[in-house]
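Please read the following note with the sequence and the model side by side. It is arranged as numbered points for a reader new to structural description.

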Amino acid sequence: MSALEVGRTEAAITQREALAVIESRLGRAPQDMLEAAVVLEAWGGLRAEEALATAADTMSVPMPSAPANDGPVEDEPVTRTPIDALAMLLCFLTVVLWTEPLQRTLGGAGLMRALDVAVPAAIAFQWLFAARFPTDGFFRQRLFFDRRVLLTTALAGVAAAAAGGTPYLVGAELAGVWVATALALRARPVCTVLLLGALTAGLYRFEDARPSLGLAFAGLIAVLASALPRGVSSTLYRGRPWRVALPAGVLGLSLAALLLSDRSVALDAHARALALVLLPSSLAAFWGGWHMSAIWNAIPRALRGSALEAPVHRSFRNPVASLAGGALLRVVGTVSVLMPLAVFGGRLIGEHTATAATAVALSLYAVVAVGAALLDAIERTRLAVIAVGSGIVVSVVSGRVLDLAAGGALLAGTLVAAIGIVVFASLCLRRPALLLVWTIG
Amino acid sequence: MLLVTEGTYPFVVGGVSSWCDLLLGGLPDVSWQVLPIVTAGRAKKPLFTLPANARLLPRLEIWSETLPGWKWRGLGRGDFDTSLPATLVKALLCWEGSRDSLVDALVYCRQHPDALSHVFRAEESWRLFLDALAPVVSERGETFGPPASFDLVDAAKLFQTLYWIARTAAAETPRADVAHVTAAGWAILPALVDRALHGTPILLTEHGVYVREAYLGAVRRKLSPGDRFVATRLSRGLALAAYAAADAVSPVAEANARWERSLGVSPLKIRVIHNGVTIGDPPGPLPGTGTVVSVGRIDALKDVHTMLRTASEVVRRFPSARFLHYGPVSDGEDAYGRSCRVLHEQLGLGDRFTFMGSTSDPKGVLRDADVVIMTSISEALPLSILEAMVEGRPVVATGVGGVPELVNGCGVVVPPGDVHGLADGVVALLRSPDLAQRLGTAGYEKAVREYTQDTCLSSYSDLLRAVADRGRN
């Protein structure tokens, strides 16, 4: 019998018994004497001093090592869903379908003013809400927390627009319908699609578009309200903070401003053609963005097993950079195939406004959108806003100073924004460990 | 007095929260300010009503995205100490960390709250942090070794944790005569800064031993080597800093005091103050229905699996026995709760063992018991046992923490996890009502003698006054 006859219970415990208790509980060598001591106290029945003394002795005895890694990093579910793509497609479809009845109500200039309000507001709020309410299974609960703020904002926005005149009211209603569609689709997809169908019928049936839009907006709000839980007690389900969401909204607004910065690519009576060429651009951005959403699995996978001194901190040879490259390829591939088809389709319906410059500009716009989403995801939203803002300035200035063909200013602007975004994103992608660290909040 | 709580009062129901409630209400002459440190996302509304002499400060959320407001700092670069994360990692995770440098770093955090997010986003900070971390994770001694693996993912997670340590230290606190800290963990951070800046003395009350519970949690959660290393070393670093800085330490049980002495706390600083309970009328006779009651959260630390196996064994030998368990599933222990249900099913316990859920009347449910059982693998001085004693109910419990000193003479104590020992104890008491009654009465008398609220409160009152005087002098 060893000298280690300690213990409060009737039975003494030897060093061998202590080792057996530790090994059976841990299945490996203890990390330190404190770990051995708590095991001996909790499962060996020793008092604190005895457990600590015995633990210190057992540390000198070799035991099996722990496995170096407890298993592969498991993929987390992708947070973006096909419903986001459906929302986007529906928005484009509505632009194509509603241009004619809206123009009937507002006239060409009125429609342009309405879209000048609707497009930036819709894009800004969609970015804001995408940041605030991630699609993670708790979407309804998160929405519940903000129900009053959302309703107040919607009503205040419509009231403010109404004061500006009919085109602005219609613009606000359009923005409301598009934003609410994106949210309601996640909660009640069938109801939402049916409502949009009814709205389209209403727009064609009645001379004045405003009542139909207003009713559809109210209907979508009701659909959303019906999908909310009755009560959520835990702040666990609160949306991501406004501090994070608002910059995303600003980024969305600046992306919309970039789109509208070239007045030669007007969102007027030719909105259908623009919607057609925006469709490939947006699909490309969505596919690229979806691919990039795997980044939060790719970063740990890239770093797992890397020694602290490993020289991987500044290199493009990492899975995160590969992921970004894959996203870029998807964007380029999508626009290369679909953009010519969209331009051709526009001509088939008698719209000849989509020039080659516009098509290339909108292809670059997809690159900007994906890069902006990446920078926003790693909380470098300010960099994205700087890049897009530079593009806006270039587009506006070149449109006024230079004598460019239609879409030329937008091409210059998106080119500058794309270069800025790619440079900023590249600087970040070279250091995957820092990407992880930067998400500290 | 500034009362700093960690994950407990007033947002969570449990032993520590009940103790806080008793302390605040029981010392009406003391003006309390309660600073709760909570994990983001937990319950928002206080579950306790604070007495008139207490004020709840804004809660300090860790791992929260709700950060303090941004302030304009002018056009200058500001005072960015990019060595802060490196200093923190060396001070907190080294086996022999420097307490002085830790306090200096925490004071910097309080004095430069707006610089912290910039410091922790700077590439230079990350580089210096990695340089400092490498020797820490390869450190080896006679009683400790390096983790089996520690990679850049572990490093990034640690870096983020240190950011929240810095944020916690940066939180503004009101001036107080004493900082009464209720856990030797994150709760010590604001108090360490207050002590350094204003000389505010610290009274540390440990219900469970923080570092012990952190190690126990790491063992049972089967963490990866890196996560385990960070969780345990960090809690050890915080606890040792708390022990070093505390002017007085008041564990609730002698068992805790033994751990604290072993971890280097001077015996002169330690004063054990037992929890106290309200003593009512002498208890009535046992119901004689073969009812065995347990009160506690459904949590791996409570080892409910052992309780279920014990119930199965008891029912086999004493078929009319019926077990009633009162208590909710702990936050984050849903999987364990499900495993208990599965085991209940596998053992075929049916209505012989019922999970009754939460109760608002623990004393009432204890009165229905012929025997009270507790199977925890970690406890301090459990209130549920104290309340069983006040109700004159005999106890069968595992001998962990302060349980043996509590149950000695009024129940049966067996080693943790000993199903047969527990079953023997329960069956013996169910079969011998006279013995059970005698032990119950002995428990009541012991509670009246040693565990009254008045004794508990007057001890704290004296100690708080003594610590405050020490601070003034």
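The points below take up the conventions, then chain A, then chain B.

1. Conventions. The structure is a predicted model, in which local features need pLDDT of at least 70, side-chain atom pairs count only at pLDDT 80 or more, and totals for chains, interfaces and linings use all residues. Residues are numbered from 1 along each chain as its sequence is written, while chains are lettered from A and ligands numbered from 1 in the order in which they are written.

2. Chain A overall. Chain A has 17 helices and zero strands; helices (H or I, at least four residues) and strands (E, at least two) are DSSP runs, numbered from the N terminus. Among contacts in chain A between residues at least 6 apart in sequence, 80% join residues at least 24 apart; a contact requires C-beta atoms, placed from the backbone, within 7 Å.

3. One position in chain A. A29(A) lies in the loop between α1 (15-26) and α2 (33-44) of chain A. Is A29(A) buried or exposed? A29(A) has 21 other C-beta atoms within 10 Å and is therefore buried. Its C-alpha atom is separated by 70 Å from that of G346(A), 317 residues apart along the chain.

4. Chain B overall. Chain B contains 18 helices and 13 strands, and buried residues account for 53% of its 473 residues. Its C-alpha atoms fill a box of roughly 80 × 50 × 40 Å along the principal axes. For 473 residues, a compact globule would have a radius of gyration near 23 Å, and the 24 Å of chain B agrees; the radius is taken over C-alpha atoms, and the globule rule is 2.2 Å times the number of residues to the power 0.38.

5. A helix pair in chain B. Helix α11 (residues 304-317) of chain B packs against helix α16 (residues 419-431) of chain B at an angle of about 50 degrees, with the axes 9 Å apart. Axes are lines fitted to C-alpha atoms over the stretch in contact, and angles run from 0 to 180 degrees between N-to-C directions. The two helices, α11(B) and α16(B), are therefore oblique to each other, a class left over after roughly parallel (under 35 degrees), roughly antiparallel (over 145) and roughly perpendicular (65 to 115).

6. Residues at that contact. Among the residues that meet are T306(B) and R309(B) from α11(B), and V419(B) and H420(B) from α16(B).

Methods. Two residues are in contact if their C-beta atoms, placed from the backbone, lie within 7 Å. A residue is buried if 20 or more other C-beta atoms lie within 10 Å of its own, exposed if 12 or fewer, and partly exposed in between; C-beta atoms are placed from the backbone.
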